[in-house]
Amino acid sequence: MRRFFRFFLAVVSFSLPLFAQTKHPFTFAEMMKLKRVGEPEVSPDGKWVIFSVVDVDLAANTKTPHVWIVPTAGGRERELIAEQDADRPRWAPDGKRLAFLSTKQKGSQVWIADFDGGSGTVIRTSRLTDVATEAGGELWSPDGKNVLFTSDVYPECDVDLTDVGNCNAKKVTEAEQSKVKAQIFTHLLYRHWNAYKEGKRAHIFVTQVEQPQPGTTGIAHFYRPRDLTPGDYDAPVFSLGGQDDYAFSPDGREICYTSNHDKNPAASTNNDLWIVPVTGGEAKDITADNPASDSTPLYSPDGRYIAYRTQQRPGYESDRFRLMLYDRTTGEKKNLTENFDFWVGSYAWAEDSKTIDFSAENAGTSPIYSVSLSGEVRGLARGFNDDLTVTQDGKQIFFTKMSLQAPVAIYRASAAGYTLVECNSSMGVSDPSRSCFQDPQAVTHLNDSILGQIQMSPLESFSFTGAHGDKVEGFLVKPPAFEPSKKYPVKFLIHGGPQGAWGDDWSYRWNPELFAANGYVVVMINFHGSTGYGQKFIDAINGDWGGAPLEDLMKGLDYAEQTYAFIDKTRECALGASYGGYAINWILGHTDRFKCLVSHDGMFNAESAWGTTEELWFNDWEFKGTPYENRELYRKWSPHEYAKNFKTPTLVIHGQRDYRLDVSQGLDLFTTLQMLGVPSKMLYFPDEGHWVLKPQNSELWYRTVNDWVDQWIGK
């Protein structure tokens, strides 16, 4: 009888998900099982959406992309290219083929897949490029005859353009076989973000695509690509992601791209837009009149305009991104978002060439807006959205959407389906027309089954009076199975940038839900310098790194302690990375209110950080000059100057390949803590840069961070 009762309980437990599923706290293993969905690409006939999906194998320590497909009308998603890794899918103009990137042969190369639109299946895949320096960023010409791609090549190979492939191949082979790995630098920006340049420059190539003959599929042979951007310049410029910095004209005869030709690009943000014929020839700079950054060009469907994003202050990477219009006939330029005080993100033209839809951060969200050519802005969609694309008939818009409780999924909405509802957050600083999509519909549901088993708390917003008497926003995340009568320890997260922000979005590297999952309240403050509250709020941090931001952080935590009785203010730990790491280092010397600290990739010595970073314009702007020009400000805001006050137990984390903030900053901090006798530990990654990206490294990162916090303020 007892055995039968145990069997009955087992059956009931197994059957529970069918009726009333019991949810549990979020775990790292579950986060690694989530599929990472890329941007949508709608087929020319409007019937299909293709997109990349990255699968993480924690045991194998790998991330592998594949191409998936789903009907635009909704339905079951399925893997379209499964026999090889496949990334960045792009439709051919006729919809009968698609290009994608794969490392199946000879590193990253462009491949072509023949597509059966009736069944929605791939018939065959063939490799298009055979480039020794590998290929990326592919894009079809509008006539389907050419494919553009990017490659990091040796600029001196441009001397013999007829033999550019063999020249680069020879140099690659020589570098691989040489027993001497030393490099000689002759100019700055010899390394960037997490890699050394090795004497190479990013160039744009175009290659012919063989037109399929009736009754045949595939590619018969390789065509020699043409280098459209020869010279000792990066074209396109370096990017951490987002919209392409190049585009084809609608007639396929011209491309527009972004390149910086200043003598010292390490200290310059002067990215310009250049146009060049697809047949090759001399490029023309069409934004030479602007000494600041111009980027992400996109031709209007009718070919009359080039839209692009621009900044106005040279040397300032966090100036407001405006949406500009360049008239290809007259050369006139127009600012479409002059009275819109948010940063323009990714954008897409409407098919009638009369409006542009775009995303823009707004107080912890990223709504979609629309602007007419006359400059009238109105809201379209709430939430945290990006990666917009409009169908060729102009009737639907597809985009990615995420939240604190769910990673990226693809959504669709009718381009005419607006209703008068509030688009803006209550903290928003501008108020364009409030017409939003009423009910955008999810097109992909790849992570629903996993997320449906997890108990997560929604993001809660609060506001308080911070520095300069300004209204400042903060956020709070409660732990699973929250009980108001209990007291909970606090993880106080500080964002990077500093021109960044916390919000209702998803992160795999600093996930607030995962931090809250083991019984913590998570508190986050969007201090002065944060994006989404207007440019004046962003600029407030310039030259004041430890001033107004620290005041906001402390006042925000004070407000949370006073407002939420469940916060145990005797058990609080502060954690931050990048600028957040700097803030932790600054806190070390200015307050003892925290029981522990976690400093990841933070600036410790402002003077030495200037000499070891690659993007010099950043430090030059934020500290108003170089250390030898304005040493007083560097020393004023340098955490190492206040080391005599260090007392709080601190975990230091840094990556060897972090060239944004050199590993010496972390080593310097850890050495100082050890010499002062402050309880400390260092987690060092020899194979990571500014971000921890490898699955098992990420697992170690979360475990080490959480163990450190538990050690000092846990149960």
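Reader: Which residues are buried in H8?

Author: Let's begin with the terms. This is a predicted model, where local features need pLDDT of at least 70 and side-chain atom pairs count only at pLDDT 80 or more, while totals for chains, interfaces and linings use all residues. Residues are numbered from 1 along each chain as its sequence is written, and side-chain values use heavy atoms, with hydrogens and water left out. Buried means under 20% relative accessible area, exposed means over 50%, and partly exposed is in between (1.4 Å probe, protein chains only). Helices (H or I, at least four residues) and strands (E, at least two) are DSSP runs, numbered from the N terminus. Now for your helix: in H8, the buried residues are Tyr579, Gly580, Gly581, Tyr582, Ala583, Ile584, Asn585, Trp586, Ile587 and Leu588. Helix H8 spans residues 579–588, and ten of its ten residues are buried, so the helix is mostly covered.

Reader: How do I read the sides of a helix?

Author: An α-helix has 3.6 residues a turn, so residues three or four places apart point the same way. In H8, Tyr582 and Trp586 are among the buried residues.

Reader: What about strands: how many residues of strand E27 are buried?

Author: Start with the general idea. In a regular strand the side chains alternate between the two faces of the sheet. For strand E27 (residues 368–372), five of the five residues are buried, so it is largely enclosed by the rest of the structure. Ile368, Ser370 and Ser372 are buried on one side, and Tyr369 and Val371 are buried on the other, so both faces of E27 are covered.

Reader: Which residue is the bridge partner of Ser359 in E27?

Author: Pairing has a cut-off too: two strands pair if DSSP finds at least two bridges between them. E26 and E27 run antiparallel and are joined by five bridges. Ile368 in E27 is the partner of Ser359. E27 also pairs with strand E28 (residues 377–381), in the antiparallel sense, over four bridges. There, Val371 stands opposite Val377 in E28. E27 and E28 form a hairpin with four residues between them, and Gly375 in the turn has a positive phi of about 95 degrees.

Reader: In what order do the strands of the open sheet come?

Author: The order is E11-E12-E15-E16: four strands, with antiparallel pairing. E11 and E16 stand at the edges with a single partner strand each, so one side of each has no neighbour in the sheet. E11 pairs with strand E12 (residues 146–153) over three bridges in the antiparallel sense, and Leu139 stands opposite Leu148 in E12.

Reader: Let's turn to charges. How many salt bridges does the structure hold?

Author: Side chains of opposite charge can pair when their charged atoms come close. A salt bridge here is a side-chain nitrogen of Lys or Arg within 4 Å of a carboxyl oxygen of Asp or Glu. The structure holds 31 of them. One of them joins Arg88 and Asp244, with the closest N and O atoms 2.8 Å apart. That pair links distant parts of the chain, 156 residues apart: Arg88 is in strand E7 (residues 87–91), and Asp244 is in the loop between strand E16 (226–227) and strand E17 (246–248).

Reader: Is Arg88 buried or exposed?

Author: Arg88 counts as buried, at 13% relative accessibility, and Asp244 counts as buried at 18%. Another pair has other covering: Asp130 forms a salt bridge with Lys106, the closest N and O atoms being 3.0 Å apart. Here Asp130 is partly exposed at 40% relative accessible area, and Lys106 is exposed at 53%. 

Reader: How far apart are the closest N and O atoms of Arg304 and Asp327?

Author: They are 3.6 Å apart, in a salt bridge. Arg304 lies in the loop between strand E21 (294–299) and strand E22 (305–310) and Asp327 in strand E23 (residues 322–327), so the pair ties together parts that are 23 residues apart in sequence. Arg304 is partly exposed at 44%, whereas Asp327 counts as buried at 8%. Elsewhere, salt bridges that share partners join Lys197, Arg201, Asp232 and Asp234 into one network.
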